[in-house]
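Please read them with the structure open.

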Amino acid sequence: MTTARSISQLAVAGVQQLVPYVPGKPIEELQRELGLERVIKLASNENPLGPSTKALAAMRKTLSELALYPDGSGFSLKKALAKKYAVDPAQITLGNGSNEILELVARAFLAPGLNAVFSQHAFAVYPIVTQAVGAKSVVAPAVNYGHDLQAIRERVNAETRVVFIANPNNPTGTLLPQSSLEDFIKSLPATCICVLDEAYYEFVQRKGEQDAIAWLGQCPNLVIARTFSKAYGLAGLRIGYCLSSPEMADILNRVRQPFNNNSLALAAAEAALDDSEHLQNTIKNNALGMKQLTEGFKNLGLGWIPSAGNFVSVDLSEPAAPVYAALLRKGVIVRPVANYEMPNHLRVSIGTPEENNLFLQALTECLNNA
Ligand SMILES: *Cc1c(COP(=O)(O)O)cnc(C)c1O
């Protein structure tokens, strides 16, 4: 040991500057801090109905096999996904959450000297995975909180290897029409990969619009990322996937950990796909809850960003941080989004009717006392 160097100086340049992702506050943490018994969490877009009972049963069955490594190829789950979406299993890559899919793309395609383009107010993980590999983030201004595809396209240059599009976007809930998205993806140069992040896919009611899967044949650069964390209620298991060309899947598979999906997650996800009733109940609860919350906002004279997801960002027309803190003291956890350049908004996940009601009551009290 010669000269003292701080560990942070040893980290690669991108990592030195990295600001870590801040997740929603865990229920137990708030209970510990404030000694509260009843805490409701509407902060991470989780399914308030929980996982499918079929998924739970599949996990119980798998418990006896935990001494064995999982199937590193995810054969059975890929087969089920391939059947559901009419694609070849070779077009599927499984991830430890769809978060890992974003990371695999960054590791495979981004490096110093290259850049990724995404929208203002887009999902916070895009700049993190980009910067972690030393590439540059290029942010296109949003329109009405939504992605401006033209502004994004204008920023794509010879060094752009990835464009991240969240549809619907988190935390805004904004949704792009499929036709403009298709034109946009097809306008990209062959040197640029489009990651279409569809974490909230199941909540979107598409009337006669094409599924992005239909474009895969003509778009070898398209990566459609989806997850079991949101509508399927399996966030704690960490399992997501992407659909792409087989060539793309082959590349992503090279940088993937050999056993990135655990046995319980593989079994639960496959069983969850088979429980359409639970999914339908989830979608129905979401639609009703969205109505309940937005009517509540209207009664309070508050605006909100119309959302296609399982969450909604409400505009308090004043700094949201004190209201967030006051809600915490009442045992209600929502998500502040100042880090998304939205300091007056709070993002609220749709809960059960009872949770939505408790949140609206608490919000009313907090606003009256502010
Ligand atoms: C929640 C979310 C994800 C990732 O969730 P995973 O749990 O890692 O699958 C990805 N993209 C967006 C936009 C999200 O909101």
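1. Start at the ligand. An oxygen atom of the ligand is 2.9 Å from a polar backbone atom of N99. Keep in mind throughout that this is a predicted model.

2. An N or O atom in the side chain of N170 is 2.7 Å from a ligand oxygen. For Y200, an N or O atom of the side chain is 2.6 Å from an oxygen atom of the ligand.

3. Which residues surround the ligand? The list holds G97, S98, N99, F123, N170 and D197.

4. P171 belongs to the loop between β5 and α9.

5. Another cis bond needs checking. The peptide bond from N167 to P168 is cis, with omega near -5°. P168 sits in the loop between β5 (160-166) and α9 (178-187). Most peptide bonds are trans, so please inspect both sites by eye.

6. The backbone at N144 also stands out. Phi is near 45° at N144, a positive value in a residue other than glycine. Most residues other than glycine have a negative phi. Where is N144? This residue lies in the loop between β4 (136-140) and α8 (149-155).

7. Now the overall layout. The protein chain is divided into two parts: domain 1 covers 7-50 + 277-368, and domain 2 covers 55-274. Their C-alpha centres lie 24 Å apart.

8. How much area do domain 1 and domain 2 bury between them? The figure is about 2,300 Å², with 65% of it on carbon and sulfur atoms. On the domain 1 side, L279, A308 and Y340 lose the most area to domain 2. Together these three account for 24% of what that side buries.

9. Contacts across the interface come next. Domain 1 contributes 31 residues, in contact with 28 residues of domain 2. Polar contacts are present: nine residue pairs are counted between domain 1 and domain 2.

10. Which elements of domain 1 supply the side that touches domain 2? At least two residues come from each of α2 (13-16), α12 (276-299), β10 (311-315) and β13 (345-349). The largest share, four residues, comes from α12.

11. Last, the make-up of that side of domain 1. Its residues that touch domain 2 divide into 15 nonpolar, 13 polar and three charged.

Definitions and conventions. Residues numbered from 1 in each chain as written. Predicted model: local features only at pLDDT ≥ 70, side-chain atom pairs only at ≥ 80, totals over all residues. Heavy atoms only, no water. Domains from an automatic or database assignment. Contact = heavy atoms within 4.5 Å. Buried area = accessible area lost by both parts, 1.4 Å probe. Polar contact = N/O pair within 3.5 Å; in protein donor to acceptor, adjacent residues only side chain to side chain. Nonpolar A, V, L, I, M, F, W, Y, C, P; charged D, E, K, R; others polar. Near = heavy atom within 4 Å.
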